[in-house]
Amino acid sequence: MKTKQLLLGDEALALGALNAGLSGAYAYPGTPSTEILEFVQSHPLTKERGIHSHWSSNEKTAVEEALGMSFCGKRSIVSMKHVGMNVAADAFVNSGMTGANGGMLVIGADDPSMHSSQNEQDSRFYAQFAFVPTLEPSCQQECYDMARYGFELSEKLGIPVLVRLVTRLSHSRAVVEADNEPMAQNAISYPKNPRQWVLMPANSRERYAQLLKDFDKAAEMSETSPFNSYTDGSDKRLGIVVTGLAYNYLMETFPGGCPFPVVKVSQYPLPAKMIGKLMDECEAVLVIEEGQPFAETQLRGLLNRTAKIYGKLSGELPRTGELTPDSVHAAFKTLFPDLCCLKETEVQAASQVTKPRPPALCQGCGHRDVYGALNDVLKEYESPKVFGDIGCYTLGYLSPFNAIDTCLDMGASITMAKGAADAGQHPAVAIIGDSTFTHSGMTGLLDAINENTPMVVIISDNLTTGMTGGQDSQGTGKIEQICLGLGAHPDHVRTIDSLPKLHDDMMKLFREEIDYKGLSVIVARRECIQTARRHAAKKK
Amino acid sequence: MKTDIVLAGVGGQGILSIATILGAAALKENLYLKQAEVHGMSQRGGDVSSNLRLSSEPIASDLIPLGGADLIVSLEPMEALRYLPYLSKNGWIVTNTAPFVNIPDYPEQSVLENELANQPNVVAFDMDELAKEVASQRASNMVLLGAAAPFIDLEPEKIEEGIRIVFGKKGEAIVESNIKAFRAGLEKAKSISK
């Protein structure tokens with residue numbers, strides 16, 4: 001029996017995993033992947049079966065924890081946003097080498113158009129590099145179905161499987177048919193070949209040769225995957241290779257059916273035989289894929305001699321930003337201006353009276369008061385620099401604060417401030433949130449403590465992971481202890497409430513620590529206004 | 001049937017509950033639905049939109065093509081105007097006229113009114129006001145949903161069913177107050193669009 005439900009792509013994947021005998025879900029919050037673990041946390045089966053669903057400190061610890069569960073023969077998922085793949089890269093790339101025992105899905109949610117991210121990197125490149133097969137669902141139902149399929153694929157090949165999502169699938173809802181009866185969980189069982197789990201050179205050399213063979217097997221499996229298909233078309237002037245979500249835009253362009261032959265790809269390595277057949281039969285090929293030109297680059301090769309290939313590199317499709325039904329429509333219009341089945345739509349001009357409305361820190365947010373006091377103090381110095389980080393407080397870059405000079409990645413505020421202080425910069429101020437601090441700030445702080453670098457680290461502690469909607473923060477209640485434990489001097493680990501009425505006290509504290517010729521940590525604390533409201537409503 | 005809707009507003013205003021209600025109603029009616037929404041950074045007081053597509057036939061794209069929307073439904077007048085290129089030739093704009101001013105260069109009210117008046121099919125009134133009158137200001141998104149209902153290929157009773165499903169857990173009083181706001185919006189829109 002199946003039941004229809006309305007689910008986000010993220011939720012459909014999570015439900016698919018739960019129904020396929022999941023034993024542990026791991027993640028660090030990050031848009032657009034956050035809802036995967038949140039769904040697992042809120043599902044009754046999680047409590048009933050004791051499925052692991054606690055947030056991890058960062059994406060690397062999450063992947064390693066999921067791999068430990070797989071080592072014991074159980075099915076695990078680990079989810080993150082695309083830039084989280086960078087944090088997890090060491091563990092992820094080497095998980096291809098150890099392989100998986102229980103089925104393991106690594107879910108990388110890419111964010112083309114950078115709705116809530118600092119770049120447009122495409123997780124498929126990581127999988128190819130790590131010799132890990134990839135699944136790329138095109139719709140919410142495939143998200144659901146691919147969880148079970150992915151676990152089975154992972155167990156068959158003995159390798160983790162990457163599931164690549166994109167924002168428009170992660171955060172789009174549709175009707176999904178889901179099983180009513182969840183599968184049993186795997187019992188504990190250990191790897192058949194324990195040697196490959198100890199990646200010492202002698203073992204690794206042997207394993208690497210095997211992994212390359214297994215990846216060839218994965219390529220064979222792509223040819224017969226239920227998620228890859230070859231659909232013939234009468235017009236052979238063009239063949240289409242379309243991957244993942246982009247398939248929907250192709251179908252939107254041709255509601256009456258696509259006149260050209262189509263290879264739909266949702267499982268990688270790319271099905272070479274299927275695509276070869278398409279290239280043999282058609283005069284040219286158009287590659288439509290969300291994100292970077294991953295498939296297109298492979299089809300072209302270095303010399304690009306075999307066939308005419310159109311796509312993002314030749315300019316028919318935009319090189320930056322996410323695809324839309326309009327950009328796919330326009331690509332066909334460029335290639336075949338007279339194609340009769342292309343619908344023409346009248347589009348009115350954009351209104352000239354609207355103004356941009358950028359996001360801003362909430363009214364009543366403690367970060368506002370930290371920036372207010374910090375800006376007022378820094379006016380007293382000639383050339384202050386403030387090194388920012390990833391979180392709501394990145395919005396401090398915008399007016400009216402214009403308070404930060406850099407934002408690179410999780411944790412980089414502390415380490416970039418240190419490098420700048422090493423270069424002679426004074427004042428060098430790092431501003432970082434509590435969750436980002438425990439994600440990737442602690443190790444950098446240790447560097448600065450060991451050298452007593454003259455800089456100030458402000459941990460703007462709102463007791464939550466705010467930007468992604470208020471998930472538990474791993475350091476809550478122990479930020480000062482962590483700093484002291486790392487060796488910060490107790491006289492220069494100072495705490496203040498980031499309240500408007502303490503503006504002058506905050507200024508005084510900032511000034512004292514900027515003038516101290518060594519490392520200081522200031523914990524400015526106030527609960528996130530969003531979670532505070534939620535807590536207040538619960539109490540009522 | 002097919003209705004493609006661009007939902008618009010400012011982060012935190014509550015456009016997603018409108019989507020949730022229509023989703024619940026569509027699921028009950030066994031319709032196809034796709035609804036793309038925006039989470040993350042832009043929810044912090046920035047402009048937000050959601051594409052909601054309802055159909056009796058399978059839907060391909062999660063996003064509505066330019067010139068394809070049957071409806072722009074907005075909780076804020078300037079946000080309604082942001083999506084004009086998505087509106088189809090015979091499409092309708094249903095919008096709250098109460099401005100949400102959180103930027104320094106927000107246009108004059110008269111500029112927005114004129115721009116809206118240039119559009120052929122518009123239902124625009126102060127929904128915060130009406131919500132306050134019949135329920136509470138928090139229910140202005142239900143007034144908006146009611147005002148949009150005549151242009152959605154789904155009977156108002158079925159949308160009310162969606163309200164019951166979504167707010168049911170919160171108790172009968174909340175359900176009734178939301179339905180009251182919904183009906184008030186519906187009546188007002190009918191009287192304007194005649």
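**View 1. Buried residues in the predicted chain A.** In this predicted model, buried residues make up 59% of the 540 residues of chain A. Here buried means under 20% relative accessible area, exposed means over 50%, and partly exposed lies in between (1.4 Å probe, protein chains only). Local features need pLDDT of at least 70 and side-chain atom pairs count only at pLDDT 80 or more, while totals for chains, interfaces and linings use all residues. Residues are numbered from 1 along each chain as its sequence is written, chains are lettered from A, and side-chain values use heavy atoms, leaving out hydrogens and water.

**View 2. The overall fold of chain A.** Chain A holds 20 helices and 18 strands; these are DSSP runs numbered from the N terminus, helices being H or I of at least four residues and strands E of at least two. Along the principal axes, its C-alpha atoms fill a box of roughly 75 × 65 × 55 Å. Of the contacts (heavy atoms within 4.5 Å) in chain A with a separation of 6 or more, 78% join residues 24 or more positions apart.

**View 3. A closer look at Glu64(A).** Welcome to helix α4 of chain A, which spans residues 59–71 and includes Glu64(A).

**View 4. Glu64(A) and Val78(A).** These two residues, Glu64(A) and Val78(A), are 14 residues apart in sequence. In space, Glu64(A) and Val78(A) are 9.2 Å apart, C-alpha to C-alpha.
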